[in-house]
Structures are given as structure tokens and as C-alpha cells.
Amino acid sequence: MAKFTHHHNHRHSPWKKLALVALLASFVGAILIADSFYASSSSSSPAYLSLASNWARQKPEIVVLPNVPPYREEAEKKLEETEQKKGPHRARILSDTFADIPAPDWQWEELPAAPVPRLDGAAIQIKNLLYVFAGFGTLDWVHSHVDVFNFTDNTWSDKFDMPKDMANSHLGMASDGRYIYAISGQYGPQCRGPVSHTFVLDTKTKEWSKMPPLPAPRYAPATQLWRGRLHVMGGSRENRHTPGVDHWSLAVKDGKPLEREWRTEVPIPRGGPHRSCIVVDDRLFVIGGQEGDFMAKPGSPIFKCSRRHEVVYGDVYMLDKEMKWTTLPPMPKPNSHIEFSWVIVNNSIIITGGTTEKHPETNRMMLVGEVFQFHLDTMKWSVIGKLPYRIKTAIAGFWDGYLYFTSGQRDRGPDNPQPKKVVGDMWRTKLSL
Ligand SMILES: *[C@@H]1O[C@H](CO)[C@@H](O)[C@H](O)[C@H]1NC(C)=O
Ligand SMILES: *[C@@H]1O[C@H](CO)[C@@H](O)[C@H](O)[C@H]1NC(C)=O
């Protein structure tokens with residue numbers, strides 16, 4: 001495949017090469033079946049015990065460029081300088097772990113695992129309780145209940161049902177500290193269609209109510225409660241693959257809609273699912289994500305998932321009260337599947353794990369095992385630590401000085417960042433920023 005070696009036209013060739021990689025990848029991607037989306041959780045993979053092993057040994061060599069100026073220009077310049085330094089005849093052998101960013105090892109403590117393994121679930125933390133919703137147990141088995149973890153005694157202390165017609169994965173979700181709003185998402189297993197159904201849960205009474213449906217269904221839209229309105233934006237469109245850029249909002253108060261219909265808002269600059277969406281200090285942030293996703297195989301009666309071309313990005317967008325989008329510095333690497341992988345601690349956003357750009361030679365999906373911090377005072381990113389393994393759609397929480405994460409799909413081992421087992425494991429580490 002494309003080798004990043006000597007070239008004649010220095011000024012343009014990095015772009016030609018990247019374009020070639022992207023083109024090849026899109027062909028290969030289009031014919032790959034869902035080999036890395038889910039690997040049987042029953043297959044015996046030895047438990048990965050060596051938590052302190054320094055699994056990130058190499059600096060990333062392939063740079064996936066942010067889509068937005070001025071960060072794109074900066075990244076282009078940096079890439080060109082690196083190319084020049086390396087000289088013309090450099091051979092390239094790209095290890096599977098090339099995208100891991102070196103980071104400090106952290107000591108992690110394993111706590112009781114969730115009652116079920118869970119991929120693409122949703123979650124909200126309210127004080128010392130973590131409500132974990134829905135998700136795939138396997139690609140053919142989806143959950144329709146809520147598991148609750150109590151951070152005070154570190155136990156899974158409660159379990160209750162979701163409405164039967166609520167989506168089972170790829171939900172948008174936000175909370176005001178009592179009511180939890182659950183928006184749209186995928187209904188059923190494999191790569192089935194989405195529903196626009198929208199619900200609200202009163203966590204005090206554990207009662208569910210219906211809300212006005214989203215104008216169109218979306219997979220994994222960025223969702224937050226901000227200035228009295230529920231905002232839903234991006235996600236994937238009805239075919240699961242095409243990025244949506246629509247942005248809708250609905251006035252809500254104490255678990256009740258104040259309007260009958262969703263209002264159309266300023267579209268998000270870049271569409272797609274699986275992003276972190278966070279409100280802090282009266283600003284709304286949308287972080288990372290991807291364009292494209294697995295789709296149902298045409299004609300498949302079980303809507304069998306098949307892999308399509310995806311572009312993962314690390315873009316960061318901020319919406320201020322004038323409803324204008326600002327572009328902020330991108331994540332240290334492209335990152336997706338982080339919709340419930342974040343917490344806010346000490347005026348910073350902490351993000352755990354995710355998925356990054358596929359391997360440029362093998363085309364395999366690659367998971368992320370770093371913990372990132374976005375400093376809200378300086379708007380700068382840093383990589384602050386490592387998880388015990390790489391994992392996507394991890395669910396994060398923060399309580400009493402500890403960073404927690406549970407669930408998701410983990411890697412195949414320290415040297416293999418491809419996705420494998422869907423887990424319900426729960427871990428925590430003392431955070432010191
Ligand atoms: C959480 O655990 C603490 C300590 O055991 C207990 O006092 C509290 O009632 C629990 N909360 C819930 C909602 O179960
Ligand atoms: C947050 O900041 C406070 C005050 O500086 C500090 O005591 C605390 O340890 C910090 N929290 C973490 C998790 O680092």
C-alpha cells in the first residue's frame with residue numbers, strides 16, 4: 001500500500017499521499033464486512049492483568065489533519081517540517097500501536113463489573129449515582145434497561161426497565177440533575193434503523209414520560225441541556241452512515257416540554273455521531289466524532305452490520321450565547337465514540353478512550369487508551385494518563401477525587417489496538433491534576 005517515502009514534488013506530495021490513502025481506504029472500507037465492529041465476547045481472551053505496562057511506546061507518525069483553519073495550516077506546516085527532517089529515503093514500517101501517545105501510567109483499581117457487558121450505551125451521573133442505559137450486549141442482543149452504580153459504596157445497586165419503544169443504543173442524553181432526557185437512537189440489534197422517539201426519566205420516581213419526537217431520527221447525536229433548552233445536533237442520518245448537521249432545540253423545564261415542536265437552530269459546522277457534548281460556564285462544546293459509520297448490508301433480513309468508510313476527527317466546536325460556532329484547538333489525535341466518556345473536573349474536561357483513525361496499512365479500526373484533558377482557561381489539550389486498556393464507548397464518572405470508567409469494547413491486548421471484547425468492567429483511579 002501507500003508508502004510514505006521519497007517524493008519529487010515536495011510541496012504537494014504529502015497531500016497526494018494522504019489523498020491516495022484515503023481513496024484506497026474508501027474502496028477497501030466499502031467492501032469490508034463488519035469484522036472489527038464486534039468480536040464474540042465468548043471467545044477466550046486472557047485477562048489483561050499487567051496494568052502498569054507501558055503499552056504506548058511510540059509516537060504517532062501519521063498525522064490526521066484537522067479539517068478547520070488555522071489548525072489545519074499549523075498541522076500542514078508541522079508535517080512538512082517533519083518530512084524534511086526525515087530525509088528522502090526513509091522506509092516505513094508502521095506498527096499496530098503507532099497511534100498510541102506516550103502517557104504516564106496510572107494505577108487502576110478494579111471494582112464490581114456491571115451486570116451486563118455494554119457497547120454504545122448511554123449514561124448520566126447524578127451526584128453519587130451513575131445511571132447506565134441501553135447498549136449492545138452482543139451485536140445480536142440489545143439491552144432495554146438501566147443499571148445504576150453507587151459511587152459511595154461502589155456497588156451496582158439498582159436496575160429498572162426502559163420504555164419498550166425507546167432506542168437501545170446510539171441515544172442522545174442530557175440531564176438537569178434530576179430529569180434525564182433520552183433522545184432518538186437505534187432501535188434493535190445489528191445495524192437496524194433509528195427512531196425519533198424521545199423520553200424523559202424522573203430519577204426520583206423512576207417514571208418515564210414521552211416527549212415530542214425529534215423532527216428526524218438520528219444515531220448518536222450530540223445532546224445537551226443549555227440555557228433552558230435541550231439541544232440535539234449532528235449524529236448520523238437515517239441510513240446510519242451519512243453525517244447529519246441539523247441542530248434542533250426544545251424548551252424544557254423540570255422534565256416537561258414547554259413547546260410542542262423542536263426549533264431549528266444554527267447547523268453544526270461538521271456532522272457525524274459519537275462526540276462528546278458538554279456544557280460548562282454557559283458555553284456548549286462538541287468534541288471529536290466521525291463522519292460515516294457501519295450500515296445495514298443491503299437486503300439483509302437481520303440488518304447485518306457492514307463496514308463503510310469512516311473519517312474520525314478531533315475537531316472541537318464551541319457555541320456561545322450569540323449562537324455562533326467557534327473552532328477551538330483539536331484533540332491531540334482524532335477521536336470518536338466518546339459520547340459518555342467525559343467528566344468535568346477543576347475547570348477542565350477529561351475524556352477517556354475512544355477510537356482513532358483506522359490503521360493506514362491494515363485498515364483496522366484502532367481503539368484509544370489515553371486520558372485527555374482540555375483546559376478551559378487556556379483552551380489547550382494534554383494527554384494526562386492511560387487507561388488499563390484501550391476502549392471505545394467507555395462511560396466515565398467522577399466522584400470524591402476518583403475518575404471512574406465502565407463498559408465499552410476493549411482492545412485485543414497491549415500490542416493490538418483492534419476492538420474485541422464487549423465488557424462491563426468498572427475501574428477507578430485517584431485523579432491528581
Ligand atoms: C449509596 O450507598 C450509600 C452507602 O452504602 C447509601 O447510604 C446510599 O443510600 C446509597 N444510595 C442509593 C441511592 O442507593
Ligand atoms: C482540583 O483543585 C483543587 C484546588 O486546587 C485541588 O485541591 C484538587 O486536588 C484538584 N482535583 C484534582 C482531581 O486534581
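Modeller: What follows goes through those topics in turn.

Biologist: Ground rules before we start?

Modeller: This is a predicted model: local features need pLDDT of at least 70, side-chain atom pairs count only at pLDDT 80 or more, and totals for chains, interfaces and linings use all residues. Residues are numbered from 1 along each chain as its sequence is written, while chains are lettered from A and ligands numbered from 1 in the order in which they are written.

Biologist: Ligands, then. Which residues are around ligand 1?

Modeller: Leu129, Asn150, Thr152, Asp153 and Ser157. A residue counts as near a molecule if its C-beta atom, placed from the backbone, lies within 6 Å of it.

Biologist: How does that shell around ligand 1 divide?

Modeller: One nonpolar, three polar and one charged. Ala, Val, Leu, Ile, Met, Phe, Trp, Tyr, Cys and Pro count as nonpolar, Asp, Glu, Lys and Arg as charged, and the others, Gly among them, as polar.

Biologist: And what surrounds ligand 2?

Modeller: Val345, Asn346, Gly401, Leu431, Ser432 and Leu433. That shell has three nonpolar residues, three polar and no charged.

Biologist: Is Asn346 buried or exposed?

Modeller: Exposed, because 10 other C-beta atoms lie within 10 Å. The cut-offs are 20 or more for buried, 12 or fewer for exposed, and partly exposed in between, counting other C-beta atoms within 10 Å of the residue's own, placed from the backbone.

Biologist: What about His337, what is its phi?

Modeller: About 60°, so positive although His337 is not a glycine. His337 lies in the loop between S22 and strand S23 (342-345). His337 is buried, with 30 other C-beta atoms within 10 Å.

Biologist: Switching to the core. Which members of the largest one touch the most others?

Modeller: Tyr181 and Ala182, out of 73 residues in the largest nonpolar core. Strand S25 (residues 366-375) gives the largest share of this core, six residues. A second, separate core has nine residues, including Leu119, Phe136, Cys191 and Phe294. A core is a set of buried Ala, Val, Leu, Ile, Met, Phe, Trp, Tyr and Cys residues joined through C-beta atoms within 7 Å.

Biologist: What is Ala182 in contact with?

Modeller: Beyond neighbours within four places in sequence, Ala182 contacts Ala122, Phe133, Met166, Leu171, Met173, Thr198, Phe199 and Leu201. Contact means C-beta atoms, placed from the backbone, within 7 Å.

Biologist: And where does Val200 lie?

Modeller: In strand S10 (residues 198-202). Val200 is buried, with 22 other C-beta atoms within 10 Å. Val200 and Tyr181 are 19 residues apart in sequence and 4.4 Å apart in space, C-alpha to C-alpha. Leaving out residues up to four places away in sequence, Val200 touches Tyr179, Ile180, Tyr181, Ser209, Met211 and Gly255.

Biologist: Now sheets. What is the strand order in the open sheet with S2?

Modeller: S2-S3-S6-S7, four strands with antiparallel pairing. Strand S2 (122-126) and strand S7 (155-161) are the edges, each pairing on one side only. The twist averages 20° from one strand to the next. Two strands pair if DSSP finds at least two bridges between them.

Biologist: How many bridges join S2 to S3?

Modeller: Five, with S3 spanning residues 129-133. Ile126 stands opposite Leu129 in S3, and Ile124 has Tyr131 as its bridge partner. Their hairpin has two residues between the strands, and Lys127 there takes a positive phi near 50°.

Biologist: Is S3 mostly covered or uncovered?

Modeller: Mostly covered: four of its five residues are buried. S3 also pairs antiparallel with strand S6 (residues 145-150), over five bridges. There the bridge partner of Leu129 is Asn150. Leu129 and Asn150 are both among the residues around ligand 1.

Biologist: What about the open sheet with S17, what order?

Modeller: S17-S18-S21-S22, four strands, antiparallel. Strand S17 (276-280) and strand S22 (325-328) stand at the edges with a single partner strand each, so one side of each has no neighbour in the sheet. The twist averages 25° from one strand to the next. Five bridges join S17 to strand S18 (residues 283-291), where Ile278 stands opposite Phe285.

Terms used:
Two residues are in contact if their C-beta atoms, placed from the backbone, lie within 7 Å. Axes are lines fitted to C-alpha atoms, for helices over the stretch in contact, and angles run from 0 to 180 degrees between N-to-C directions.
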